[in-house]
Amino acid sequence: MKPIAILSALCILLAACSSGAGSVTEEVLPVDSVLANPEKYVDREIEVSGRCVHICSGTGNKLFIVGNNDTGLLWCDATPYIGGRFPRELLDKTLVLKGILREERVSETNISIIEQRHEAKVNTISAEKGAEAAQHADCTAGRCRTDRRVHGQENIDNIHDRMADYRRRIAERVATDSIPYLSFYYLDVARINP
């Protein structure tokens, strides 16, 4: 009789412990609520509702949703669980997306890596296609306008200005909060409910 009581108590304890941090949220959260306090949901599985306003045309692996006021924008990455791409027919639809909210941190180290990769890409283009093609590649933003909007850089048209903007914003954050990076949040999507 005692082993059954101990086993029952252990099961109750396990069930109680599994409802803590890192657990699945029980409710569907409006995208505006997630964006108002993203730190609360980082590395947690959540369900988020919002209207799809953009799917990256090149790879289809990024989708962007907005809330009620169309100003807050959440970037969503397609995972292998959904085939690694978002179907184009999701565009302009209100969706419920289930996944894990992640934080992307942009620091001076990240900026240096981005610049090194960009320089290598420009050098390769120069060698293969000539100086004019390399100059064009050197002046492009490297991200679509919607992706730049998520990063607060919607109207910045080239990669050099984007990196300078990141550095300026990091310096401001260090001065006010002693935090040497910028935080951006995205959802690794494992399920779509149109």
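**Notebook: aromatic rings**

I began with Lys62, whose charged end sits over the ring of Trp75, 4.8 Å from the ring centre. For a charge to sit over a ring, I need NZ of Lys or CZ of Arg within 6 Å of the ring centre and within 35 degrees of the ring normal.

A note on my source: this is a predicted model, where local features need pLDDT of at least 70, side-chain atom pairs count only at pLDDT 80 or more, and totals for chains, interfaces and linings use all residues. Residues are numbered from 1 along each chain as its sequence is written, and side-chain values use heavy atoms, with hydrogens and water left out.

Next I searched the whole structure for aromatic pairs and found two. Rings of Phe, Tyr and Trp (its six-membered ring) pair if their centres lie within 6.5 Å; planes under 30 degrees apart are stacked, over 60 edge-to-face, and the rest tilted.

Trp75 and Tyr186 come out as stacked, because their ring centres are 4.6 Å apart and their planes at 15 degrees. I placed Trp75 in strand 4 (residues 73-78) and Tyr186 in strand 6 (residues 181-193), so this pair ties together parts 111 residues apart in sequence. Helices (H or I, at least four residues) and strands (E, at least two) are DSSP runs, numbered from the N terminus.

I then looked up accessibility: Trp75 has 4% relative accessibility and counts as buried, and Tyr186 is buried at 16%. Buried means under 20% relative accessible area, exposed over 50%, partly exposed in between (1.4 Å probe, protein chains only).

Tyr166 and Phe184 form a tilted pair, 6.2 Å centre to centre with 55 degrees between the planes. Tyr166 is in helix 6 (residues 159-177) and Phe184 in strand 6, 18 residues apart. I noted Tyr166 as buried at 1% and Phe184 as buried at 6%.
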